[in-house]
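Dear colleague,

I am passing on the structure we spoke about, placed directly below. Could you look through it alongside my notes?

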Amino acid sequence: MNWHTRLLNDYERFSSGLPRPLEPYILETYGISLASEYAGHRIKNPFGKASGQLSLNAHQVQRDAEAGLGFAVLKTLIAENEAGAQSMKAWAIPATKMTVEEIVGTREPVRGQHGWTVTWKGRGWSERFSDYLKFFSRSIESAGSHSMLVVPSVKYHLPKPEETQWNRSEYEFTTSELYRTWHTLREGCMPLEKDFSPTLAGDESFSRERETILNWLRSVPDLIRETSVGKDIRLGLKIFNAAQHDDFQLEMLNAVEHHPRRADYVIYGNRLFDPNKSYEGVRGVAYGGPDLSDRNLSVLSQWPHTIPLSATGNIVTGAMAFEYLRRGCTSFQMHTLFQLPDSEFAMKSNSSSRTERALHRLLFHPSHGFLHALLHDRERHPWPSGSNVLELAHYYPSLG
Ligand SMILES: Cc1cc2nc3c(=O)[nH]c(=O)nc-3n(C[C@H](O)[C@H](O)[C@H](O)COP(=O)(O)O)c2cc1C
């Protein structure tokens, strides 16, 4: 049976539940190893949940682990010092509403293309710090038996243009408390995403300050390394799309890549910002969809890099994940995908979680799935033997 027919059969066959265990099945059937890495940790497959409203309680994380994700990034915590003070307190507000909407591309290559975006009001973790630690701990526990990696995300103090001091006590307290929780349950270095929120991209006073942003990107790795647990942290910087020309995106990425004591990895790239759109009485909203992936892919294509990369931004198909893979990304993290309407999923909803249905779509879809993209590509130019996803993420950029 050729691979096209096999994939079509599998897509139908698995619409009532994925094969278990998933990765060995794919390796045996298609000769493709999904193994990859996130923050230097092995992950069984490259698909993960991005930080946000879908990873803010232990139940959600447990369902993701059961469904088969490779990793999950928890909702962003707003850092605090030992006295409970938060310099980024304005971000610690709960979500009140989320709306999933269709959106049409406006950038030239994707003009008129239909996609999806989630509009919402709300920002970071709004409950107590101690509750986040409990949530982190429970999440690691429930994910462990399914070999899913759990990653905390934090928004620490970032000085405004007129400020000269960094609030180091927030960096110390928050990082060391998270690490203490990690270390009681897991071995090795703790992965940590530092969120540079897209909301900042729309803040006039910040986003016009190119030097301020570059200073943040250069200083944060040192601030984390200088904490008492710094040597045990694998730091990822989640880069946002600034309200600037694409050249500035490259300047930000280069500031991270060429820093002498640089971060361990980059997450690229958080959402775009529309200063004119209003939602629930708030003017200016972050958005995704075809323009987001088009901008991200175009910037990544122009960026020769050696720092490991995790992709985010409009990954609603496996074919899109493959485009990020071709630009060197070793993992893919999604938010909007898990909120698409039921009609976007072929797997039946009564027998499966939303995450399992998303994985079915991402992997097995016979025309825009990840396996289709890989098998089609392997047919045209054979890969180095025994390649897994991690090796392919290095192989593709080396082709030039
Ligand atoms: C409702 C919502 C909440 C989000 N909250 C966070 C957050 O707390 N921290 C963060 O780093 N990113 C957050 N994001 C950004 C996502 O993690 C993701 O990077 C972004 O939405 C792009 O991926 P997507 O196109 O698959 O949605 C949020 C996104 C949405 C839609």
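Predicted model: local features only at pLDDT ≥ 70, side-chain atom pairs only at ≥ 80, totals over all residues.

Residues are numbered from 1 along each chain as its sequence is written.

I begin with helix 11, residues 318–326, where 7 of the 9 residues are buried; helices (H or I, at least four residues) and strands (E, at least two) are DSSP runs numbered from the N terminus, and buried means that 20 or more other C-beta atoms, placed from the backbone, lie within 10 Å of a residue's own, with exposed standing for 12 or fewer and partly exposed for values in between. The buried set consists of Gly318, Met320, Ala321, Phe322, Glu323, Tyr324 and Leu325, and these residues pack against helices 10, 12, 13 and 14 as well as strands 13 and 14. After the helix comes glycine 328, with a positive phi near 100°.

Helix 1 (residues 3–13) buries Leu7, Asp10 and Tyr11, and because these fall within an arc of 105° when seen down the helix axis, they line one face of the helix; the arc is that of the directions from the helix axis to the C-beta atoms. The face turned away from that buried side carries the exposed residues Thr5, Glu12 and Arg13, while the cover over the buried residues includes helix 12 and helix 13.

Leucine 309 lies in strand 13 and is buried, with 24 other C-beta atoms within 10 Å. Leaving aside residues up to four places away in sequence, leucine 309 touches Tyr265, Val266, Tyr268, Gly328, Cys329 and Thr330, where a contact requires C-beta atoms, placed from the backbone, within 7 Å of each other.

Around the ligand there are 25 residues, the closest being Ala50, Gly52, Thr76, His335 and Thr336; a residue counts as near if its C-beta atom, placed from the backbone, lies within 6 Å. Strand 4 (71–78) and strand 6 (114–121) are the elements that give two or more residues to this shell.

With best regards

Methods:
Contact = placed C-beta atoms within 7 Å.
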